[in-house]
Amino acid sequence: MKHAQAEIIREYGPFPGADAVHGVTFDGRYVWFASGDRLNALDPQTGEIARTIDVAGSAGTAFDGKHLFQIAADRIQKIDLATGRVVSTIASPGQGGDSGLAWAEGTLWVGQHLGRKIYQIDPETGAILRTIESRRIVTGVTWVDGKLWHGTWEGEESDVRRIDASTGEVLETLDMPAGMGVSGLESDGAGRFFCGGGSSGKVRAVRSPK
């Protein structure tokens, strides 16, 4: 297993009215993060909030190229990016215990926080297609270059780790500095992970391995 310290490239925030970061995704231009009662579009170049959408968001956020998906308690909302309108809702597999959220292979990947699992689900029905066991609490999920990564956060220890999507075996870890947790995770596909910072209200850019 590869093991390294996470390299923090940049910190964003905290932002007015956003007391915590609950989920993170990237639409190719903006980093979207959920802060409880709204979604915020962060411009990673300027560090400014470019847009907000008033929608509940208690955990993971994902983007499929047209829609945002947002966990809100025991449901996952599908949101039209252009209008900000919720167009459909499905039940979340963890029934309120869900954390990270990612889009890959035409499906949603949902982290289950204390259950230490990642589910692959049908985005239309919510049906569970696959279950992956994790060794630690799951706090964020992302796919990059066909590889599955997830965030963890237990006590003062937090990391970003790559796992085998078939077996759950840990293949690589990036340890976050002490006191920096990961509450949401997304890759921009170009060398950066964006990590939610929980109650710090910050989003951190972490260099991803080559």
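Tutor: One of the facing residues is Y12, which stands opposite V203 in β21. Keep in mind that this is a predicted model, where local features need pLDDT of at least 70, side-chain atom pairs count only at pLDDT 80 or more, and totals for chains, interfaces and linings use all residues. Residues are numbered from 1 along each chain as its sequence is written, and side-chain values use heavy atoms, with hydrogens and water left out.

Student: Which sheet has β2 in it, and why do β2 and β19 count as edges?

Tutor: The open sheet has 4 strands in the order β2-β21-β20-β19, with antiparallel pairing. β2 and β19 (184–187) each have a single partner strand, so one side of each is left without a neighbour in the sheet. On average, neighbouring strands of this sheet are turned by 20° against each other, direction ignored. For such angles, axes are lines fitted to C-alpha atoms (for helices over the stretch in contact), and angles run from 0 to 180 degrees between N-to-C directions.

Student: And what is the strand order in the open sheet that holds β4?

Tutor: That open sheet of 4 strands reads β3-β4-β5-β6, again with antiparallel pairing. Its edges are β3 (23–26) and β6 (49–53): each has a single partner strand, so one side of each lacks a neighbour in the sheet. The twist averages 20° from one strand to the next. Inside, β4 (residues 31–34) and β5 (residues 39–42) pair over 4 bridges, and F33 has N40 in β5 as its bridge partner.

Student: How do you know whether I53 is buried or exposed?

Tutor: Check its relative accessible area: buried means under 20%, exposed over 50%, and partly exposed in between (1.4 Å probe, protein chains only). I53 has 6% relative accessibility, so it counts as buried. I53 is found in strand β6, and leaving aside neighbours within four places in sequence, I53 is in contact (heavy atoms within 4.5 Å) with W32, D37, R38, L39, L68 and G84. The C-alpha atoms of I53 and N40 are separated by 6.6 Å, though these residues are 13 apart along the chain.

Student: Why is the pair F69 and W103 called stacked?

Tutor: Rings of Phe, Tyr and Trp (its six-membered ring) pair if their centres lie within 6.5 Å; planes under 30 degrees apart count as stacked, over 60 as edge-to-face and the rest as tilted. The centres of F69 and W103 are 5.6 Å apart and the planes are at 10°, so the pair is stacked. F69 sits in strand β8 (residues 67–72) and W103 in strand β11 (residues 98–104), 34 residues apart. F69 is buried at 2% relative accessibility, whereas W103, at 27%, is partly exposed. A search of the whole structure finds 5 aromatic pairs.

Student: Why is strand β17 described as largely enclosed?

Tutor: In β17 (residues 157–163), 6 of the 7 residues are buried, so the rest of the structure largely encloses this strand. β17 pairs antiparallel with β16 over 7 bridges, and with strand β18 (residues 170–175) over 5 bridges. H150 stands opposite R161 in β17, and V160 has L174 in β18 as its bridge partner.

Definitions and conventions:
Pairing = 2+ DSSP bridges. Helix = DSSP H or I, 4+ residues; strand = E, 2+ residues; numbered from the N terminus.
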